[in-house]
Structures are given as structure tokens and as C-alpha cells.
Amino acid sequence: MRRQEAVAGWIFVLPAVLFWLIWFLYPALKAISISFYQYNYATPETNMFVGLANYVRLFQDTKFFTAMGHSFFMVAVIVPLQTLLSFAVAVLLNGPIRLKGFYRSSCYIPYVISAMAVTIFFMYFFVKGGPASSFFAMLGLENVSWFASTKYAMAFLIIVYVWQQVGFYMVIFIGALQEVPVELYEAAKVDGANSWQRLTKITVPMIKNTTYLVLTFGMINAFQIFDQIAAMSKQSPLGSPSGATSTLVTFLYQQSFSYMDMGYGSAAAVVLFLIIFSLSAVREVLGRRSD
């Protein structure tokens, strides 16, 4: 019986395992291998082993460090912002309100829409003289096309990305909130705890593991922003205007596919992987210590 159950289990998970091996593990190992080569997929006869030369060149490249700085800045802003907003929306939509399903669906829909389409839609609002640009101009900012301004392009990118992602993390938080025992809130009310105290003393600690999950997912996804930047750049080089929105992902994409220097781009991809892996490991250690 155990053998039959094991065979049945492997049959069910085999498609997912094969998908992971073919589309994730193999490309990852291939990228690591290519990072040690001068590799051009258009002229394979010129490929040659160069050892750590790509990595040495990478850490001497000021454009790489600029892109890295932009990536860390976006993660530092996006992750806390989208986590707080999604948690706040989840708390509101988990309460006793009318049309709860409608509001939840409305918040989640942006997440399933194409990132390119969402970005282009926002560009019409943030163009010079557009509704959003005019509104912020009344608050003292410049009335310019945000996505074409080196001063505001990063802010525009963050606004678009966070707006689209909040609904996804809201769903995760709502699932966690529904697992919190109602008896705890009732006991707190009897003891005289107000709404804020119930939120901070019961809700937040009880969904701590979910919050860690949201932070981890948010960090990984924020490091890999690409579609929104591609939509903003249009026919210009990725990271436009003037490199104001360049990130590690756009850097490695340009090196690999625009300049056909696959070895150099793969080295950047490996560094990006190590950064994400290291930060995820640190978060895991801190999470376990807090437990």
C-alpha cells in the first residue's frame, strides 16, 4: 500500500518536477557555466573560456553599480510600501462591510492584467498636463511627463508597480487573517482592548509568518522588475530616460541580448541570484530568531 501511494504521489508531482528541471534548474546551471566564458550565441565559434574575467569586469563597471543601486533603492521603497498597503486593505476588506467580494475582486484585478498594459495606461495619466501630473503640480511638483523625466521616472515606476502588486499580497493577508481565532478578539474586547490594541497585540503577531512570506516574495519580485521598465522605455534603450530606471535585470538583459555578450550578462545574473539568495537567507535567520 505504501509503495502504491508513493508511486501515485510521484506520478502527480512528476510534471511539476520536470517543468522545474527543464525551465529553472537547467537554465540556472547553464547561466553559471556561461558566466565563465566569452560567449556569443550568434557566433559560437568565437566562444572561449575566460575564467573569472567576466566577474572582474563586472565589478569594475560603473553602470553595473548604478543599476545595482537602483535595484536596492526600489526594493527598499517597494517592499515596505506594498506590504503596509496590502495589509491595511486586507484588514479593511476582512471586516463586516457590504460588497466585500466586489471590493476584493477590484483590488485583485490589476495583478492579473498585463504589466505592459498597466504601465501604458498609467503613462496617459502621468504625461505632461495629464490628470495625475496636474494634480501633483498643484502640490508643488513639476508638471512634466514623469516617465520621461530623470527626476520622476523612478517614482512613476514605483507607483505603477505597487499599485499592481497590492491586490496579490492582499489576498495572502486575507487568508492569514481568516485563520486568526475569533475567540482571541472577543476575549480582548472583554478585557477592554480597543481596535488598535487588538490589531497590534493580536492580529500582527498571529500573522507574523505570513508577513515574513510577503516580505520575501515582495523582495524577490521587486529585484526582478522588467516589464514596466520595458514599457516605459518604448523604443529607447532599457532603463530610459538616461538610465534613471536601469536595474540589475535590465543590465543583464542588455548585455546578453542587445550587445550579445551572453557571458557578461550571465555573470550579472549570477550576482543577482546571489544577492536575492543572501537576503532571503538573512530574512529566514532573523525570522527564526524572532520566533
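**Pockets, ring pairs and local geometry in a predicted model**

The second largest pocket has a volume of about 430 Å³. Of the 14 residues in its lining, Asn94, Gly95, Tyr185, Arg198 and Thr203 are the closest to its centre. Here a pocket is, on a 1 Å grid over the protein atoms alone, an open set of points where a 1.4 Å probe fits, with protein on both sides within 12 Å along at least five of seven lines; lining residues have an atom within 4 Å of a point. Grid points are joined across faces, edges and corners, and a volume is the space filled by probe spheres set on the points. The structure is a predicted model, in which local features need pLDDT of at least 70 and side-chain atom pairs count only at pLDDT 80 or more, whereas totals for chains, interfaces and linings use all residues. Residues are numbered from 1 along each chain as its sequence is written, and side-chain values use heavy atoms, with hydrogens and water left out.

Helix H8 (182-190) and helix H9 (195-206) each supply at least two residues of the lining of the second largest pocket; helices (H or I, at least four residues) and strands (E, at least two) are DSSP runs, numbered from the N terminus. By class, this lining holds six nonpolar, five polar and three charged residues. In this classification Ala, Val, Leu, Ile, Met, Phe, Trp, Tyr, Cys and Pro are nonpolar, Asp, Glu, Lys and Arg are charged, and the others, Gly among them, are polar.

The largest pocket has a volume of about 1000 Å³. It is lined by 27 residues, and those closest to its centre are Ala28, Ala31, Gln224, Ala269 and Phe273. At least two lining residues come from each of helix H1 (2-34), helix H12 (248-258) and helix H13 (262-290). H13 provides the largest share of this lining, ten residues. The lining of the largest pocket comprises 23 nonpolar and four polar residues, with no charged residue.

The protein chain as a whole contains 13 helices and two strands. Its C-alpha atoms fill a box of roughly 75 × 70 × 35 Å, taken along the principal axes. Of the 291 residues in the chain, 39% are buried, where buried means under 20% relative accessible area, exposed over 50%, and partly exposed in between (1.4 Å probe, protein chains only). Among the contacts in the chain with a separation of 6 or more, 67% are between residues 24 or more positions apart; a contact means heavy atoms within 4.5 Å.

Ala268 is located in helix H13 and is buried, with a relative accessible area of 2%. Leaving aside residues up to four places away in sequence, Ala268 touches Leu58, Phe64, Phe251 and Leu252. Ala268 and Val249 are 19 residues apart in sequence, and their C-alpha atoms are 8.4 Å apart in space. Asp261 is placed in the loop between H12 and H13. Asp261 counts as buried because its relative accessibility is 16%. With residues up to four places away in sequence not counted, Asp261 touches Tyr39, Arg57, Gln255 and Ser256.

The aromatic pairs number 28. Rings of Phe, Tyr and Trp (its six-membered ring) pair if their centres lie within 6.5 Å; planes under 30 degrees apart count as stacked, over 60 as edge-to-face and the rest as tilted. Tyr253 and Phe257 form a tilted pair, 5.1 Å centre to centre, with 45 degrees between the planes. Because these two residues are four residues apart in helix H12, Tyr253 and Phe257 are separated by about one helical turn. Tyr253 is partly exposed at 33% relative accessibility, and Phe257 is partly exposed at 43%. Ring pairs also link a cluster whose members include Phe121, Phe136, Trp146, Tyr152 and Trp163. The charged end of Arg57 sits over the ring of Tyr264, 3.6 Å from its centre; this term requires NZ of Lys or CZ of Arg within 6 Å of the ring centre and within 35 degrees of the ring normal.

The backbone shows several local features. A cis peptide bond, with omega of about 5 degrees, joins Ser240 and Pro241. Pro241 is in the loop between helix H11 (227-233) and H12, and Ser242 lies in the loop between H11 and H12. Ser242 is not a glycine but has a positive phi of about 55 degrees, and Ser242 is exposed at 73% relative accessibility.
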